[in-house]
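Me: Could you walk me through this one? I'd like to learn how to read its features step by step.

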Amino acid sequence: MTSTAASKVPIEFNDKIVRQFMLASIIFGAVAMLAGVFIASQLNFHQLNLAEWMTFGRLRPLHTNAAIFAFVGNMMFAGIYYSTQRLCKCRMGNDTLSNIHFWGWQLIIVAAVITLPLGLSRGKEYAELIWPINVAVAVIWVVFAVNFFLTLHKRNEPSLYVALWFYIATIVTVAMLYIVNHLSIPTSWTHSYGIFGGVQDGLVQWWYGHNAVAFFLTTPILGIMYYFLPKAAERPVYSYRLSIVHFWSLVFLYIWAGPHHLLNTALPKWLQMLGMFFSLMLWAPSWGGMLNGLLTLRGAWDKLRTDPVIKFFIAAVTFYGMCTFEGPLLSIRAVNSLSHYSDWTIGHVHSGALGWNGFMAAGMFYWLAPRLWNTKLYSVPMANFHFWIGTLGILLYVVAMWISGIMQGLMLNQVTADGLAVKNTFLDTLQAIRPLMGLRVIGGGMFLLGWLVMCVNLWKTIRSGTPVNEVREVAVLQHGKTDTMGMKETFFNDPTACTFGALLLIFGWIFLPPGADIASLICACFFAFLAVRRFQKTSHTWANWYDRLLQNYLPFTVLTFVAVVIGGLIQIIPTITVNSAKNVEDRIQKVYEPLELAGRDIYVSEGCYNCHSQMIRTLVPDVMRYGDYSRLGESIYDHPFQWGSKRTGPDLAREGGQRPNSWHYEHLMDPRSMSPQSNMPPYAHLNTKAFDQKTLPTKIAVLRRLGVPYPPMDATEIKMKALEQGVKIATELKISNIVVRPDSQMVAVIAYLQKLGQYEQPEVEESLTRKGQGVPFPLSPVIPDNARRADGAQ
Amino acid sequence: MDSKKPSSNNEPVLRDHVFDGIQEYDQKLPNWWLFTLYIAIVYFVIYWLCYYQLGIGSSDTVVMDKVIAEMQVARDKQMESITDEQLWALSRDPAAVEAGKATFMTPGMCVTCHGTDLSATLGGAKLPGLPLNDQEWKHGGKPTEIFKIVRKGSPDVTKGMAAWELVLGMKRVSEVVAFVLSHHKEGEPITQAVDTPPPAAPPAAK
């Protein structure tokens, strides 16, 4: 097993790249937090929507993207580049690739900072960047991946440490998620339509969105925890066995949990149920990570008093534990019916982003700076101040959001004495949470203040030292036994056979037709029993196989990819095949007229979805307030879907035809003229700008390719139609003494808003309702909901 | 296996291999932790089995359709019981008128378009709504007719007033109507508005 060391050579680590990423993360962290404090202030002070490009709808994507990709992204790269070189006992794969990765990533961030305020957006959360930038992100990510795997390839350490497992999972999964969710057809250099629409887009988006949290904000940081925490504590990791169990269960289960962002919506119920249950099952694996972090500190608790690094790590891991307990809780459909679309979710993500990511980053930077610049930390008291102000800031923020979310949720659910009307208007509930939105700014501001103190502290530290690249004598590894595992050894062995066998039977239980499903479940239980028996008898061969797997990075990567790909395949493929427009039996959306489409693209680019949902959930309070619950078919032609994830304003799914055009005009010009005390930004600039007529024909052509049933129209016809509708609206507005240009963005947006909620009821043909019957199982799985419906009808 | 045998049963196993100075214990998984995982899995299996295979519980849409239908029946029933006489009587009840006034004057509600004095003007400027303090009515001036417009909105809501029933509910709608009627007398002449182009009217945030 031990590969003989033939010779010792000095190796200089590439620590320059670590320093670069670290500084970038510190700077962009401050930018992201500043943007956060600013947009949080806009919620109480609408006057802060100072200009068209400074509206909440445009800046909120800037805040989220900066926090995720610029701040945590750079932090993750710093941590990965530092620890991977040391865990592999070699320099990063290729210096050029490292540099391309660094500069490419910063360029992407700069491009994002320019395009997002300009209103160039794909309209999907954390996936707003326009397609040329998407391509750049994918390319740079591949550069990073190649660089990382080159490092593994030439490593001088036979076995892969647990931190590297998490890095591998991060790299392959983020690539998969990012590419699939950004598949789109361009209509111009700055605009594209995603290939998925409606419910499919919703599912893919939250498969991506949830796992951006999982594989961008969690797994890499867990890897960083596994390296830096035992280093700082100078204690052995609590349990290797726990690492194995929690790593594999985490990466396998996480990917299934996406639909919990769409609970009680028009998403098919079986997907909602999978989302909920996999989220509940995720609790234990997540806490496995927390336990391995916290219990590693056993015997080193005294350091908590003296070492700020340990303080930050402990708090970060504790916040991680709190956050991953809250997550499954919020995934329970009943809890979610109250919490969803409210500030509770906002508090939840910030306890993760500020508490877990922010404090892990701070701890790591305080640990790295003295080592990378060969000096001592400038001031421990300043670091302690940062810790306390940061902790208090997060707590204030999170508690304010809890109260706000629960209070607004309860207020929205209140009904009048006869139970036939809602008690509070949406604006009433908004006024009630205003003080809490204020506390949120203070909490966030305290965290930012701590961060700035860290900037000063680290700046002073850096100034007192000089950059050094660590040089180490390393025994060169003779690749005799490592990286020799073949396909057969990877897949044909007890652990994988037992896992895949059990999974296959479980899937049979979910998808087989009635009768066979229960048989499959019984087989699964029996199989699991046998597998456990077998494991008890031959556990040492299982352990030996795993030890060997750890010496083979490619098979390890392949198995990781298999583990993460299963959940996505099972949730997304049936949805794409079954839930398409031609299969919808219930209501189906009316296709947007050209002007309405132009208006919709403006709605998307202004980021209206950041505050307005278009999804009336199957819940009594939602239906009472907004009208009949949304059906799956009612947004099937929406590229992108706009179901939303937060209601700072009311739902708009059935806004069409509810108010006069003049109301919308006045409201968009100055929201407070129609809705006193509203916090919506004014959109007067829509009145002065013309909507984009030039690209409309291309856009409609692309949508036709994507399956939206537009009748054949040539370019002139499309423009004429748009203008005709514009003239109609402008003429109507004139009656109310309102003068608008018929080609203005204002008219387009009003046309779109008035279209919302319009649908047709397709005639159901007998042949259609029985589709898919008689096709053998693997080609046409039985969707659990349909099987159940058939049951009920009998 | 590169792991050290424990010297005693209580001491955790420390694995031999050292990664850049980091060592790993190989301890048993905490039982309570394992149980949370097992319980979550068992809960999933039982719940799914009950819902999908045994058909226990109704689907969301079935429940919702039932609730909505029941509500509609209750609303219709409430509606049947309202007559012109009752609304006139209500408009002479100070408590009801006061409550109606409060609703009417709530920012973002009726007052936005009909004005504080019901004249549909604000400081001389015309507001989107129609005046309610004169004897000219566009959609009928009988109490039940006014009541219907407040509930359901004007025939084409994109050009006129929005429907308020779901927001206000029966009780508050009748109070608002009582408040409006308190500016009128039973038996006063009602003129049909000349069919001027319909002006805009309220609703507020939902």
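Me: How are H1(A) and H15(A) oriented to each other, roughly parallel or roughly antiparallel?

Reply: The general idea comes first: two packed helices are described by the angle between their axes and the distance between the axes. In this predicted model, helix H1 (residues 15–44) of chain A packs on helix H15 (residues 426–463) of chain A at an angle of about 160°, and their axes are 9 Å apart. Angles over 145 degrees count as roughly antiparallel, and H1(A) and H15(A) are therefore roughly antiparallel to each other. The crossing of H1(A) past H15(A) is left-handed.

Me: And what sort of residues make up the contact of H1(A) with H15(A)?

Reply: Sort them by class: you get 15 nonpolar, seven polar and two charged residues there.

Me: Which residues in H9(A) and H11(A) meet?

Reply: On the H9(A) side, look for A:Gly275, A:Trp283, A:Trp287, A:Gly289 and A:Gly293, among others. The H11(A) side includes A:Tyr320, A:Gly321, A:Phe325, A:Gly327 and A:Pro328. By class, the contact of H9(A) with H11(A) has eleven nonpolar, nine polar and no charged residues.

Me: Let's zoom out. Into which domains is chain A divided?

Reply: Domain 1 covers 10–467, domain 2 covers 487–583 and domain 3 covers 588–760. For a pair of domains, look at the distance between centres and then at the residues in contact. The C-alpha centres of domain 1 and domain 3 of chain A are 33 Å apart, and 48 residues of domain 1 touch 47 residues of domain 3. Elements that each supply at least two residues of the domain 1 side include H1, helix H2 (56–87), helix H13 (343–372) and H15 of chain A. That side of domain 1 has 18 nonpolar, 23 polar and seven charged residues.

Me: Now a single residue. Is A:Lys89 buried or exposed?

Reply: Count its neighbours. A:Lys89 has 20 other C-beta atoms within 10 Å, so the residue is buried. A:Lys89 sits in the loop between H2 and helix H3 (95–115) of chain A.

Me: With which residues is A:Lys89 in contact, leaving aside its neighbours within four places in sequence?

Reply: They are A:Arg155, A:Asn156, A:Glu157 and A:Val474. Also check A:Glu473: 384 residues separate A:Glu473 from A:Lys89 along the chain, yet their C-alpha atoms are 9.2 Å apart.

Me: What about chain B: how many helices and strands are there?

Reply: Chain B has seven helices and four strands, and along the sequence the pattern reads α-α-α-α-α-β-β-β-α-α-β. Of the 206 residues in chain B, 32% are buried. The chain is divided into domain 1 (1–57) and domain 2 (75–192), with 66 Å between their C-alpha centres.

Me: Last one: how many residues does each chain bring to the contact?

Reply: Chain A brings 68 residues and chain B brings 59. On the chain B side, helix H1 (31–53), helix H2 (60–80) and helix H7 (165–181) each supply at least two residues. H1(B) gives the most, with ten residues. By class, the side of chain B that touches chain A has 35 nonpolar, 14 polar and ten charged residues.

Technical notes. Residues are numbered from 1 along each chain as its sequence is written. Chains are lettered from A and ligands numbered from 1 in the order in which they are written. This is a predicted model: local features need pLDDT of at least 70, side-chain atom pairs count only at pLDDT 80 or more; totals for chains, interfaces and linings use all residues. Two residues are in contact if their C-beta atoms, placed from the backbone, lie within 7 Å. Ala, Val, Leu, Ile, Met, Phe, Trp, Tyr, Cys and Pro count as nonpolar, Asp, Glu, Lys and Arg as charged, and the others, Gly among them, as polar. A residue is buried if 20 or more other C-beta atoms lie within 10 Å of its own, exposed if 12 or fewer, and partly exposed in between; C-beta atoms are placed from the backbone. Axes are lines fitted to C-alpha atoms, for helices over the stretch in contact, and angles run from 0 to 180 degrees between N-to-C directions. Angles under 35 degrees count as roughly parallel, over 145 as roughly antiparallel, 65 to 115 as roughly perpendicular and the rest as oblique. A crossing is left-handed if the near helix is turned anticlockwise from the far one by less than a right angle, and right-handed if clockwise. Domain bounds come from an automatic or database domain assignment.
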